[in-house]
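This report describes one protein model, beginning with the overall fold and ending with individual residues. The sequence and structure come first.

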Amino acid sequence: MSILVTGGAGFIGSNFVLDWLADRDERVINVDKLTYAGNLENLAALDGDGRHVFVHGDIGDTALISRLLTEHQPWAVVNFAAESHVDRSIQGPDDFIQTNIVGTFRLLEAVRAYWSGLPKQERETFRFLHISTDEVYGSLAADAPAFREDTRYEPNSPYSASKAASDHLVRAYRQTYGVPVLTTNCSNNYGPFQFPEKLIPLVIHNALAGKALPVYGDGLQIRDWLYVKDHCSAIRRVLEAGAVGETYNVGGRSEQTNLDVVSTVCELLDELSPRRDGESYASLITYVADRPGHDRRYAIDAGKIERELGWQPQETFASGIRQTVQWYLAHREWVANVTSGAYRDWIVRQYAS
Ligand code: NAD
Ligand code: TYD
């Protein structure tokens with residue numbers, strides 16, 4: 001038995017692969033293009049483990065994906081591969097269109113051809129699980145109810161628009177061709193191996209380096225945070241028991257303003273790695289220009305996956321963020337390695353003003 005995972009060297013994908021292989025003997029074929037966000041160091045614990053087959057490649061390479069599907073005969077494909085950072089999508093949307101839309105389309109084409117050729121019973125048990133985001137639903141007013149699976153799509157950034165387009169393609173492959181697809185739309189993740197361009201690892205990294213902690217606009221935008229391992233357990237649950245053709249919203253019922261998130265990280269750092277001068281890391285908080293088109297609030301109603309599949313997150317924001325700060329403090333070499341090269345160039349461009 002095997003599954004094929006795309007983007008498994010990125011933040012969520014690598015956590016998923018590690019967790020998957022921790023409790024089962026199914027082989028994972030991991031196809032990743034190794035963009036700036038892909039890091040094989042995340043998977044170092046699997047060195048020499050024959051259950052993990054890494055393939056350097058692009059989801060848009062239909063010939064490669066077709067060959068891998070034929071060779072390994074996976075019962076599921078889990079699509080994490082994407083360009084994932086909103087600010088990058090604003091500076092340069094091209095890669096987002098190519099990977100998130102065209103890449104997903106080409107992947108679906110390869111999967112459709114493979115799935116069509118399977119014997120009847122295997123066609124029925126095969127699953128294509130597309131990993132998506134709550135950002136496709138757009139921005140919520142302060143008093144609006146949380147996003148449900150039937151909330152209208154209203155994406156506002158090139159990133160969320162490209163993810164929305166990929167979600168629609170996935171849906172169409174079920175409706176038109178019968179491919180057994182599932183989609184999860186998850187809220188903001190945090191935890192080990194997140195690239196330090198996203199808010200939480202960026203703040204930890206900058207604080208330890210004594211640099212400004214950039215807060216966009218008034219810092220009162222709200223995100224609904226979920227510990228990455230809880231997202232991975234939701235994905236496993238959807239693969240096991242999700243109804244074909246359904247979408248599932250995944251979230252931790254943990255809405256926080258950005259300012260509260262940054263302040264909590266500072267308090268934890270004050271406790272776990274106090275500054276020599278006795279000052280709080282919070283003194284580094286710096287308000288900077290807002291993100292164009294910045295969504296004000298995201299919130300997930302996870303009622304469907306909780307009721308229908310019995311999924312529950314294990315971590316609260318308090319327990320998850322503590323573990324995350326501890327992880328970054330214990331893995332400074334990992335951070336040092338990813339903060340070289342391309343990442344540094346990006347930071348210079350993003351915060352130049
Ligand atoms: P990430 O940017 O950390 O990782 C993306 C991975 O995909 C990288 O390893 C990269 O090398 C790979 N990749 C990019 N283009 C590729 C291509 N053309 N072919 C093959 N591999 C390619 O992203 P992440 O935060 O781990 O997000 C994974 C998925 O989860 C994305 O689809 C994202 O939209 C979704 N998601 C993320 C969050 C979040 O908070 N990070 C929340 C909800 C959903
Ligand atoms: P981010 O981690 O980029 O995730 P997303 O945009 O997908 O929600 O950002 C989380 C929130 O933090 C978002 O409202 C933007 C804000 N933010 C800052 O205030 N400063 C920063 O330097 C970054 C990267 C993000």
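## Overall fold

The protein chain has 13 helices and 13 strands. The model is a predicted one. Its C-alpha trace spans about 65 × 50 × 40 Å along the principal axes. A compact globule of 353 residues would have a radius of gyration near 20 Å, and the 20 Å found for the protein chain agrees with that.

Of the 353 residues, 53% count as buried. Among contacts in the protein chain with a separation of 6 or more, 82% are between residues 24 or more positions apart. The accessible surface comes to about 14800 Å². Carbon and sulfur atoms account for 49% of that surface.

## Charges and salt bridges

The protein chain carries 34 positive and 46 negative side chains. The centres of the two sets lie 3 Å apart. Side chains of opposite charge can pair when their charged atoms come close. Here the count comes to 19 salt bridges, taking a side-chain nitrogen of Lys or Arg within 4 Å of a carboxyl oxygen of Asp or Glu as the rule.

One of these salt bridges joins the side chains of Asp 87 and Arg 291, with an N to O distance of 2.7 Å. Asp 87 belongs to helix 3 (residues 86-91), while Arg 291 is in the loop between strand 13 (285-288) and helix 10 (303-309), so this pair ties together parts that are 204 residues apart in sequence. Asp 87 and Arg 291 are both buried.

A further salt bridge, between Arg 296 and Asp 218, has its closest N and O atoms 2.8 Å apart. Arg 296 sits in the loop between strand 13 and helix 10, and Asp 218 in the loop between strand 8 (213-216) and strand 9 (222-224), so parts 78 residues apart in sequence are tied together by the pair.

Arg 148 and Asp 150 meet through their side chains in a salt bridge with an N to O distance of 2.6 Å. Arg 148 is partly exposed at 42% relative accessible area. Asp 150, at 55%, is exposed. Elsewhere, a network of salt bridges links Asp 25, Asp 49 and Arg 51.

## Helix 7

How many of the ten residues of helix 7 are buried? Eight are, and the helix, which covers residues 199-208, is mostly covered. The buried residues in helix 7 are Ile 200, Pro 201, Leu 202, Val 203, Ile 204, His 205, Asn 206 and Ala 207. Gly 210 follows helix 7 and has a positive phi, near 70°.

Ser 187 is placed in the loop between strand 6 (181-186) and strand 7 (189-190). Is Ser 187 buried or exposed? Its relative accessibility is 4%, and Ser 187 therefore counts as buried. Not counting residues up to four places away in sequence, Ser 187 touches Asp 134, Asp 224, Trp 225, Leu 226, Val 250, Gly 251, Gly 252 and Ile 300.

Ile 285 is found in strand 13. Leaving aside neighbours within four places in sequence, the contacts of Ile 285 are Leu 213, Val 215, Leu 259, Val 262 and Ser 263. Between Ile 285 and Leu 69 the separation is 216 residues in sequence and 48 Å in space, C-alpha to C-alpha.

Most residues other than glycine have a negative phi. Leu 34 has a positive phi, near 55°, and is not a glycine. Leu 34 is in the loop between strand 2 (27-32) and strand 3 (52-56). With a relative accessible area of 29%, Leu 34 is partly exposed.

Arg 253 is not a glycine either, and has a positive phi of about 45°. Arg 253 lies in the loop between strand 11 (247-250) and strand 12 (255-257).

How values were computed: Residues numbered from 1 in each chain as written. Chains lettered and ligands numbered in written order. Predicted model: local features only at pLDDT ≥ 70, side-chain atom pairs only at ≥ 80, totals over all residues. Heavy atoms only, no water. Helix = DSSP H or I, 4+ residues; strand = E, 2+ residues; numbered from the N terminus. Rg over C-alpha atoms; globule rule 2.2 N^0.38 Å. Buried < 20%, exposed > 50% of the residue type's maximum accessible area, 1.4 Å probe, protein only. Contact = heavy atoms within 4.5 Å. Areas by Shrake-Rupley, 256 points an atom, 1.4 Å probe, with all protein chains shown as cover. Lys, Arg positive; Asp, Glu negative; His and termini not counted. Charge placed at Lys NZ, Arg CZ, Asp CG, Glu CD.
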